[in-house]
Amino acid sequence: GMMNLNAGFNDKYGGEFLAEYKNPGFNSTFGVDYNRRFFPGTSEEENIYMYDGTTSYVNSLGDITRGRVSFGLRGSIDLNLTQQSFLSLGGRYGSREGERNALLAYSEWTANSDDAENYQNLIDRERGGDFYALNINYLNKLNNSGQELSADFSYHYHNSDETTSSELLEAGEIFEGKQTSEFGPSWEIESRLDYILPFSKSSKFEAGYQGEIEISEENTGLAEYNSEIGSFESLPRYSNSVKYDENEQALYAIYSGEMNNLGFQAGFRTEYTYRLIEVLTRDESFEIDRWDYFPSAHLSYKFSGGEQMMASYTRRINRPRGWYLEPFETWSDANTVRIGNPALKPEYIDSYELSAQTIFGKASLSSELYYRIENNKIEGIRSAYSENVTLRTYDNVGKDYSLGAEFLLNFDLVKNWNLNLMGNLYNYKIEGVLYDESFSRESFNWRTRISNVIKFGKDLSLQLNAAYYSPSVSAQGEREGFFRSDLAVKKELLDNQLALTLQIRDLINTANYEFISEGPDFYSYNYFTRESPMVMMNIRFTFNNFKQKRNRGGGEDGGFGDDEM
């Protein structure tokens with residue numbers, strides 16, 4: 001088995017225990033985990049609103065703490081039915097809780113008056129609930145030539161409730177406020193069937209099916225503070241009941257092979273999507289019922305010196321996240337309201353790539369040229385909702401284009417010192433329609449990363465990572481660039497049974513978020529900092545040569561454990 005304990009500054013600690021029992025025809029595992037992670041930071045915002053002929057200003061500054069707490073139990077049983085067939089049964093149960101707390105000092109005034117109104121905003125948001133998951137995996141190696149049939153099935157249940165409270169205070173007394181609530185369960189069923197048929201050592205045919213059905217319900221409410229009675233009153237007209245049904249079914253086929261030094265692969269995937277969102281309290285519905293097609297093609301050529309060139313085309317889909325679709329008001333604080341867009345369409349990405357790999361000695365160099373087009377680009381959109389209130393929603397704004405090159409170099413600088421260098425440079429352009437007007441924005445983006453791994457003997461190693469991300473534009477604004485660096489030191493003891501790892505993330509406090517967005521009726525500047533440096537210590541003890549396996553079946557993993565760097 002394995003035991004893992006971790007702890008850090010500012011209310012971070014947790015651990016997990018995994019045990020495994022094996023015999024020739026039977027394997028079982030059991031695990032339990034608990035993790036608590038809280039991340040303090042600061043927020044600074046400057047907002048200008050042009051609404052109903054009035055220009056107003058709202059600035060805020062204060063502290064924000066985000067955190068999550070999770071607990072989980074999981075277990076599995078693996079059976080060797082025959083020498084060529086295997087069955088796995090697994091399950092997980094647990095709970096998750098997320099929090100966001102803030103105390104912000106506000107100042108607001110209008111262009112017609114220099115007198116500012118000053119107050120505080122106390123924000124508390126909680127979201128969490130129980131979940132469980134069951135999964136079954138079956139594998140049958142039909143013969144010794146590599147022919148295989150595998151099947152996976154899983155069932156997931158989540159019960160997640162969310163409450164948000166925003167209270168405006170003067171001299172410590174509340175004079176205005178809002179409370180929002182959201183609750184409801186969700187169910188998800190996933191199934192998969194895969195078949196592999198080899199024709200020779202260098203060619204094979206693969207085909208399969210994948211399906212996912214998800215049903216969820218959400219009920220929301222809004223209450224406002226009534227200063228006359230000194231408590232919050234529910235507003236029934238803002239209560240909503242929404243039902244989500246989503247059904248995705250896909251079939252795919254892939255053929256791959258080699259002819260001398262030429263390798264090739266051709267694939268085709270067809271996918272059916274049905275999505276129905278019903279706002280029961282408004283008698284509204286939003287439906288998607290369509291088939292999509294995703295072809296792919298890959299070519300590769302191996303040279304005598306070990307070099308290789310590859311070319312590929314792929315088409316992919318990226319569906320909107322759940323909260324992007326919520327067609328009701330959710331107040332983040334007294335000055336920000338979010339409304340989802342149930343009419344959002346998925347994003348479709350066409351990707352063209354040409355790459356080469358070269359090995360010289362113990363070093364390797366990979367390079368890639370790429371061109372990607374993203375249709376139905378989904379972005380968060382801001383506008384003035386009312387005086388001093390920002391509306392945040394989501395929309396398919398148009399298309400974006402990325403044309404660039406990526407390089408990866410891996411080599412040993414000296415013995416026991418490995419360097420990994422990555423660079424990505426590309427021209428980015430986004431264009432479409434906002435507020436019934438066409439727009440086009442463009443930037444030259446680049447990011448680079450360097451990773452150093454230094455070994456001091458067999459049981460002590462150090463890893464130092466550094467990365468820079470350049471500024472980039474979006475439909476409504478620009479994100480500033482930032483630099484971050486991380487350090488980890490690992491010491492192994494007791495013949496590698498005990499490992500101690502010290503992690504320090506964002507060593508010099510440079511990984512901060514700065515963003516400017518603007519539209520016809522607003523201007524917004526946002527600057528967020530987070531805990532830096534973040535220090536964590538991890539202690540891992542293994543016994544009887546334990547090696548953790550990866551769960552293919554998709555059981556829920558809610559541990560939020562920190563991976564070693």
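What percentage of the 565 residues in the protein chain is buried? Keep that question in mind as you start the tour; the model on your screen is a predicted one.

**Stop one: the whole chain.** Show everything as a cartoon and look for secondary structure. You will find 29 strands and zero helices in the protein chain. The radius of gyration is 27 Å, close to the 24 Å that the globule rule gives for 565 residues, so the chain is as compact as a globular protein of that length.

**Stop two: surface and interior.** Now for the opening question: buried residues make up 40% of the chain. Contacts tell you about the fold too: of those between residues at least 6 apart in sequence, 62% join residues at least 24 apart.

**Stop three: the cavities.** To see its lining, select E162, T163, T164, T180, S181, E182, T220, G221, F328, E329 and T330.

**Stop four: the strands around the largest cavity.** Colour β7 (148-170), β8 (173-198), β9 (204-226) and β15 (329-333); each supplies at least two residues of the lining.

Colour the lining residues of the largest cavity by class, and you get seven polar, three charged and one nonpolar.

Note on methods:
Residues numbered from 1 in each chain as written. Predicted model: local features only at pLDDT ≥ 70, side-chain atom pairs only at ≥ 80, totals over all residues. Heavy atoms only, no water. 1 Å grid on protein atoms, 1.4 Å probe; cavity = no way out; pocket = protein on both sides within 12 Å on 5 of 7 lines; lining within 4 Å. Helix = DSSP H or I, 4+ residues; strand = E, 2+ residues; numbered from the N terminus. Nonpolar A, V, L, I, M, F, W, Y, C, P; charged D, E, K, R; others polar. Rg over C-alpha atoms; globule rule 2.2 N^0.38 Å. Buried < 20%, exposed > 50% of the residue type's maximum accessible area, 1.4 Å probe, protein only. Contact = heavy atoms within 4.5 Å.
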